[in-house]
Amino acid sequence: MAVRAAVAGASGYAGGELLRLLLVHPEVEIGALTGNSNAGQRLGALQPHLMPLADRVLEPTTAEALAGHDVVFLALPHGQSAAVAEQLGPDVLVVDMGADFRLKDAGDWEKFYGSEHAGTWPYGLPELPGARAALEGSKRIAVPGCYPTAVSLALFPAYAAGLAEAEAVIVAASGTSGAGKAAKPHLLGSEVMGSMSPYGVGGVHRHTPEMIQNLSAAAGTPVTVSFTPTLAPMPRGILATCSAKATDGVSAESLRAAYEKAYADEPFVHLLPEGQWPATSAVYGSNAVQIQVAYDQAAGRVIVISAIDNLTKGTAGGALQSMNIALGLDEATGLTTIGVAP
Ligand SMILES: NC(=O)C1=CN([C@@H]2O[C@H](COP(=O)(O)OP(=O)(O)OC[C@H]3O[C@@H](n4cnc5c(N)ncnc54)[C@H](OP(=O)(O)O)[C@@H]3O)[C@@H](O)[C@H]2O)C=CC1
Ligand SMILES: CC(=O)N[C@@H](CCC(=O)OP(=O)(O)O)C(=O)O
């Protein structure tokens with residue numbers, strides 16, 4: 001019997017990417033599609049690439065519209081999910097692609113998001129230690145942020161293997177779709193084209209506590225994170241350059257061995273052959289993660305570089321991968337590691 005899925009926020013980038021994937025998921029039937037300011041519009045006018053759904057009309061995002069489904073995906077701005085989720089009942093699988101339920105520490109939430117903490121749900125990054133067990137059979141899933149996905153997958157094996165000191169420095173570039181569809185002055189084509197620029201500098205980006213949460217759990221001790229995001233002139237993709245001081249005795253061989261072991265059986269994470277470097281173009285439109293490691297002996301630092309598609313593994317693909325686990329389906333159902341190139 002098909003899994004009936006509703007998508008709230010179907011007019012946005014994350015909702016659109018999710019629908020692109022759901023349309024080819026063999027176990028899913030697409031139910032209600034909701035929006036906010038675009039309620040009443042044809043989906044074809046908003047997401048012209050989703051041809052089979054072109055004549056579907058968006059409903060307002062209400063509990064009534066989302067009732068009667070096995071799975072409800074919430075692709076809403078952060079702060080909007082809790083009020084919707086609490087009306088959906090405990091038997092529906094609710095997958096929140098926003099930030100509302102990712103953080104464990106209410107103080108962190110209040111500091112970085114400026115509102116009351118709604119709670120903490122099982123975290124939808126299956127590759128992290130213990131994450132799959134928490135997702136199996138769960139009726140609630142918090143999908144990670146796009147940067148924390150790229151950064152946590154890059155660095156957690158080094159921390160879990162005791163190869164990195166508890167301080168990480170991360171500079172990551174994101175494509176502009178990471179910021180959503182709503183018009184913002186710094187995202188105008190004339191500002192973004194042909195230019196790269198930093199934002200959220202100095203420990204203020206709201207993904208910082210999420211990275212700290214994941215890396216500290218892997219290290220078993222608090223890890224400090226200095227995170228600098230940058231905006232790149234491309235529609236999709238994240239390239240994260242992550243480093244940490246190496247612990248005593250680390251070698252290029254021990255570093256590589258730790259990553260080979262961590263990712264040997266992961267269907268979506270590819271530790272690249274030595275000499276090959278991650279590229280956003282190689283993961284475009286796919287759920288794949290490319291990783292490469294290096295030991296900078298002179299600086300005594302572990303360097304790990306990861307590439308993901310922010311809309312796929314960074315949100316909609318990760319959401320679907322976690323849904324598959326929660327429902328007892330094969331984890332890779334409906335997902336591909338095949339990118340679009342050139
Ligand atoms: N873009 C990305 O790469 C990633 C996004 N996410 C998260 O996914 C969520 C959606 O992001 P994204 O798709 O990029 O954003 P968009 O701005 O592209 O889309 C936002 C969606 O939410 C709807 N919406 C806006 N305000 C409200 C409201 N008050 N109540 C109900 N619905 C509302 C919009 O409807 P309408 O258009 O009809 O007004 C639209 O469907 C966010 O929480 C984001 O942080 C997570 C990881 C990566
Ligand atoms: C390029 C860009 O602006 N990216 C967004 C991250 C998108 C995301 O993952 O947001 P949520 O945590 O709200 O889900 C940002 O830096 O705010």
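**Grounds for the labels**

Reply: Six strands make up an open sheet, in the order S3-S2-S1-S4-S5-S6, and their pairing is parallel. The model is a predicted one, in which local features need pLDDT of at least 70 and side-chain atom pairs count only at pLDDT 80 or more, while totals for chains, interfaces and linings use all residues. Residues are numbered from 1 along each chain as its sequence is written, and chains are lettered from A and ligands numbered from 1 in the order in which they are written.

Me: What makes strand S3 and strand S6 edge strands?

Reply: Strand S3 (59-60) and strand S6 (140-142) each pair on one side only. Strands here are DSSP runs of E with at least two residues, helices are runs of H or I with at least four residues, and both are numbered from the N terminus. Two strands pair if DSSP finds at least two bridges between them.

Me: How do you know that S1 and S2 are paired?

Reply: Strand S1 (residues 3-8) and strand S2 (residues 28-35) run parallel and are joined by 5 bridges. The criterion is at least two bridges, so the two strands count as paired. One of the bridges sets Arg4 against Glu29 in S2.

Me: Which helix packs on the sheet and touches S1, S2 and strand S4?

Reply: Helix H1 (residues 13-22) does so, and its direction makes about 160° with that of S1. Contact requires C-beta atoms, placed from the backbone, within 7 Å of each other. The axes are lines fitted to C-alpha atoms, for helices over the stretch in contact, and angles run from 0 to 180 degrees between N-to-C directions. Helix H11 (residues 312-327) also packs on the sheet, touching S1, S4, strand S5 (93-96) and S6, at about 155° to S5.

Me: Why is H1 called mostly covered?

Reply: Of its 10 residues, 9 are buried. A residue is buried if 20 or more other C-beta atoms lie within 10 Å of its own, exposed if 12 or fewer, and partly exposed in between, with C-beta atoms placed from the backbone. The buried residues of H1 include Tyr13, Glu17 and Leu22. Their cover includes S1, S2, S4 and H11.

Me: Why is Ala341 called exposed?

Reply: Ala341 has 10 C-beta neighbours inside 10 Å. The limit for an exposed residue is 12 or fewer, so Ala341 counts as exposed. Ala341 is placed in the segment after H11. Not counting residues up to four places away in sequence, Ala341 touches Ser281, Ala282 and Tyr284.

Me: Why is Leu128 called partly exposed?

Reply: Leu128 has 18 other C-beta atoms within 10 Å. That value lies between the limits of 12 and 20, so Leu128 is partly exposed. Leu128 belongs to the loop between helix H5 (106-113) and helix H6 (131-135). Leaving aside neighbours within four places in sequence, Leu128 is in contact with Ser152, Phe156 and Asn214.

Me: What makes a set of residues a nonpolar core?

Reply: Such a core is a set of buried Ala, Val, Leu, Ile, Met, Phe, Trp, Tyr and Cys residues joined through C-beta atoms within 7 Å. The largest has 52 residues, and those with the most contacts inside it are Ala150, Val151, Ala154, Leu155, Leu215, Ile238 and Ala240. Helix H7 (residues 146-160) gives the most to this core, with 10 residues. Apart from it lies another core of 50 residues, among them Leu50, Leu93, Ala319 and Ile325.

Me: Why are S8 and strand S11 said to stand at the edges?

Reply: The sheet in question is open and of mixed pairing, with 7 strands in the order S8-S9-S7-S10-S13-S12-S11. S8 and strand S11 (269-271) each have a single partner strand, so one side of each is left without a neighbour in the sheet. Strand S8 (residues 197-198) pairs with S9 in the antiparallel sense over 2 bridges, whereas strand S7 (residues 164-174) and S9 run parallel, joined by 8 bridges.

Me: How do the side chains alternate along strand S9?

Reply: In strand S9 (residues 224-231), Val225, Phe227, Pro229 and Leu231 point to one face and are buried.

Conventions:
Contact = placed C-beta atoms within 7 Å.
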